[in-house]
Amino acid sequence: MIGVIYLGNNPQSEERLRYLPGKQVVFKKNYIEVADECNKHKINDHYIIFLEKNIQAEDITAINHLKQNCQGIYIILITSHLSAEERKLYQQAGINDTLDTNAAVTVINKKLQFICEREDMLFDTNITKKNVLQFKIPLWKRTFDIVFSSLAIIALSPVMIITAIAIKLESPGPAMFKSKRVGTNYQIFDFLKFRSMYTDAEKHLKELSKTGNQYSKQKEDSISATASLVGNQENGDILDKEIESSMMISEDETMLIGDDFVVNESDFAKQKEEEINNAFVKIENDPRVTKVGRFIRKYSIDELPQLFNILKGDMSIVGNRPLPLYEAEKLTADASIDRFMAPAGLTGLWQVEERGKGGDMSAEERKQLDIKYGQTYSLALDLKIIFRTLFAFVQKEDV
């Protein structure tokens with residue numbers, strides 16, 4: 001059974017929700033009352049909660065409370081607009097979907113039908129907690145990470161200091177680059193690297209039309225699309241472009257409405273499948289890379305600041321590569337989510353396998369190796385990967 005609760009103070013939204021066919025909506029003004037409403041019924045009941053956007057801080061508090069104290073809930077934020085920063089904050093807090101403030105009753109009903117038809121998939125909280133949220137890095141692995149990263153930071157500090165100076169001498173801007181990445185348990189953290197690109201990288205994007213995508217060379221226009229997503233991010237760090245979509249009825253098919261697209265549901269599914277099969281993007285001979293950047297990439301010196309991520313506990317020495325938010329989102333749509341059951345790592349199984357193949361590895365092969373490591377990692381496998389990494393340190397391909 002799925003109940004519907006409205007949390008807010010908008011008379012127009014309340015009026016539309018009163019006319020939902022076959023649904024008795026419960027109206028509440030306080031998130032404590034909503035939590036009580038959810039918990040007083042059977043434990044296997046599910047609830048769709050419509051949260052009217054109000055003051056951001058209060059909304060985040062409400063979402064956190066509901067997520068922590070209620071099982072089997074699906075939160076839909078009713079809003080007329082979300083900035084990129086707001087979207088990220090609300091998603092991290094735990095909203096599942098958004099709905100336009102002026103959405104018609106037919107649109108709301110269609111969304112509810114969509115959710116109800118997928119009840120087992122969307123509300124299976126036991127599977128989520130078992131497979132993702134309860135994973136912990138073993139003590140032996142965490143101990144090794146602390147000892148190794150501490151010694152490495154001390155030993156390599158002269159190299160890091162010289163690198164930072166060289167970067168700042170060649171081009172203005174910070175020596176360190178920071179981006180949001182997704183690691184173990186789908187946790188988001190600040191991923192550190194030495195900056196290897198010009199700070200005005202967008203001026204160099206026009207040169208990308210002369211280069212190719214190492215993992216997908218089918219269409220030249222796909223390179224332009226990739227470049228527009230990359231923007232000022234480091235190579236491979238696709239913009240955090242989560243899709244805020246709502247649904248409407250157009251004759252006999254469902255249309256998906258996003259910030260910058262209108263597409264029918266079947267075409268969107270095909271597009272999503274193509275994105276999942278090519279979630280790793282790398283551009284050869286990227287003109288945005290500085291001379292120092294090309295050198296430190298070749299010898300993997302740009303990765304050294306991640307030793308601080310390891311010491312902090314964001315990453316491990318060996319694990320699956322932490323992905324940018326947009327790429328990580330693509331890999332939650334199928335079995336690839338198993339890759340997030342392993343620690344995020346400085347080096348990993350596909351890195352050493354790829355270098356053994358001269359860099360010629362498909363996106364699917366890399367995903368499968370990530371999943372394999374997540375299911376089979378051990379101290380022996382970690383030591384083997386570290387040993388192979390030391391002898392494959394210099395990348396043969398042009399980065």
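Select residues 379–391 to start. This is helix α16, with 13 residues. Helices are DSSP runs of H or I with at least four residues, strands are E runs of at least two, and both are numbered from the N terminus. From first C-alpha to last, α16 reaches 19 Å, close to the 18 Å expected at 1.5 Å a residue. The expected span is 1.5 Å times one less than the number of residues.

The model is predicted: local features need pLDDT of at least 70, side-chain atom pairs count only at pLDDT 80 or more, and totals for chains, interfaces and linings use all residues. Residues are numbered from 1 along each chain as its sequence is written, and side-chain values use heavy atoms, with hydrogens and water left out.

Which residues of α16 are buried? They are Leu 381, Asp 382, Ile 385, Ile 386 and Thr 389. They sit on the same side of α16, because they cover an arc of only 135 degrees around the axis. The arc is taken from the directions from the helix axis to the C-beta atoms. Buried means under 20% relative accessible area, exposed means over 50%, and partly exposed is in between (1.4 Å probe, protein chains only).

The face away from the buried side of α16 carries the exposed residues Ala 380, Lys 384, Phe 387, Leu 390 and Phe 391.

**Helix α15 and a tyrosine pair**

Next, select 363–376. Helix α15 has 14 residues and reaches 20 Å from first C-alpha to last, close to the 20 Å expected. Its buried residues include Arg 366, Lys 367, Asp 370 and Tyr 373.

The structure holds five aromatic pairs. Tyr 373 and Tyr 377 form a stacked one, 5.4 Å centre to centre with 25 degrees between the planes. Rings of Phe, Tyr and Trp (its six-membered ring) pair if their centres lie within 6.5 Å; planes under 30 degrees apart are stacked, over 60 edge-to-face, and the rest tilted. Tyr 373 is buried at 0% relative accessibility. Tyr 377 is buried too, at 18%.

**Salt bridges**

Side chains of opposite charge can pair when their charged atoms come close. A salt bridge here is a side-chain nitrogen of Lys or Arg within 4 Å of a carboxyl oxygen of Asp or Glu. The count is 12.

Select Glu 86 and Lys 53. Their closest N and O atoms are 3.5 Å apart. Glu 86 lies in helix α4 (84–93) and Lys 53 in the loop between β3 (46–52) and α3 (56–69), so the pair ties together parts 33 residues apart in sequence. Glu 86 is buried at 19%. Lys 53 is partly exposed at 26%.

Move to Asp 97 and Lys 111. This salt bridge has an N to O distance of 2.8 Å. Asp 97 belongs to strand β5 (97–100) and Lys 111 to helix α5 (105–117), so the bridge joins parts 14 residues apart in sequence. Asp 97 is buried at 15%. Lys 111 is buried at 1%.

Then select Lys 193, Asp 302, Glu 303 and Arg 321. Salt bridges link these residues in a network.

**A three-stranded sheet**

Show β7, β6 and β12. They form an open sheet in the order β7-β6-β12, with antiparallel pairing. Two strands pair if DSSP finds at least two bridges between them. β7 (188–194) and β12 (323–324) are at the edges with a single partner strand each, so one side of each has no neighbour in the sheet. Strand β6 (176–182) meets β7 over seven antiparallel bridges. Pick Lys 178: it stands opposite Leu 192 in β7.

Select Arg 181 and Phe 191. Arg 181 lies over the face of Phe 191, 4.1 Å from the ring centre. Arg 18 lies over the face of Phe 27, at 4.5 Å. The rule asks for NZ of Lys or CZ of Arg within 6 Å of the ring centre and within 35 degrees of the ring normal.

**Two loop stops**

Go to Ser 300, in the loop between α11 (291–298) and α12 (306–312). Ser 300 has a positive phi of about 60 degrees although it is not a glycine. Ser 300 is buried at 9% relative accessible area.

Finish at Ala 104, in the loop between β5 and α5. Ala 104 is partly exposed at 37%.
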